[in-house]
Amino acid sequence: MSNPDENKPKNKIKLTKESIIESAMALIEEHGIDRFSLRKLAQKLNCEAMSIYYHVKNKEQIFAEIVDRLILKIEFNQSIDGAKAQLKDIAYQWRRLSQQYPNIFLILAVHPLDSEIGQNFMHHILLILQQTNLSAKQASHFLRVLNYYLIGAGVDEAKGYHHTAQKQPPNSAYPLLNSAMAFWTVADQDQIFELGLNILLSYMPD
């Protein structure tokens, strides 16, 4: 049976890369990455799928553009005193992305920051790390470790344990796990994130 939306006449509208990316973000956030396709995007834009290719090469370019948009939402506040405090500010902005865009964040989690915007973002973090007594190698490694933590925490924030723990019934065979899961609630997430971030930053020299 054909989809009724596919049989609707297509209005000739002026597409732009901007409108395509905005619609893609809305579609992914509403339905998830797995259900996203250029065909469904074309239906949302009320255009032919081929029309999208005049503005973007493929789905991968759409994802890359989305990643750039998310990265640009993070601001570097140079008025904050101290490298640790600046990194904390960035970390909490990153965390807010996972809270505001739980489905879209999964793209950011697996996509390399290899665009000009992504490289500029990492460069500015290295500039912050340069304020400390870390060597160039240590700063490089710290950047990667910070990335590991923020990606992992972001994915957990978007789709992780504090969601499933509320639905999972207790298992009498694992009383310690049952006790632990009682503290994996949305209300506990702030403390958990702060704890992990403080442990990570404690290895950075003042």
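This is a predicted model: local features need pLDDT of at least 70, side-chain atom pairs count only at pLDDT 80 or more; totals for chains, interfaces and linings use all residues.

Two residues count as being in contact when they have heavy atoms within 4.5 Å of each other. Leaving aside neighbours within four places in sequence, Thr132 is in contact with Ala83, Met204 and Pro205. Thr132 counts as buried because its relative accessible area is 10%, where the cut-off for that word is under 20%. A polar atom of the Thr132 side chain lies 2.7 Å from the backbone oxygen of Leu129, and the side chain of Thr132 also reaches the backbone nitrogen of Leu134, at 3.2 Å. Asn178, by contrast, is 46 residues from Thr132 in sequence and 42 Å from it in space, C-alpha to C-alpha.

From there we can turn to Gln86, which lies in helix 5 (residues 83-100). Gln86 is likewise buried, with a relative accessible area of 10%, and, neighbours within four places in sequence aside, Gln86 is in contact with Asn77, Ile80, Ile128 and Gln131.

The last stop is helix 2 (residues 38-45), whose buried residues are Leu38, Leu41, Ala42 and Leu45. These residues are on the same side of helix 2, because they cover an arc of only 100° around the axis. An α-helix has 3.6 residues a turn, so residues three or four places apart point the same way. The buried residues of helix 2 pack against helix 1 (17-31), helix 3 (49-52) and helix 4 (59-72). After helix 2 comes Asn46, which has a positive phi, near 55°.

Methods. Residues are numbered from 1 along each chain as its sequence is written. Side-chain values use heavy atoms; hydrogens and water are left out. Buried means under 20% relative accessible area, exposed over 50%, partly exposed in between (1.4 Å probe, protein chains only). A polar contact is a pair of N or O atoms within 3.5 Å; within protein, one must be able to donate a hydrogen and the other to accept it, and residues adjacent in sequence count only if both atoms are side-chain atoms. Helices (H or I, at least four residues) and strands (E, at least two) are DSSP runs, numbered from the N terminus. The arc is that of the directions from the helix axis to the C-beta atoms.
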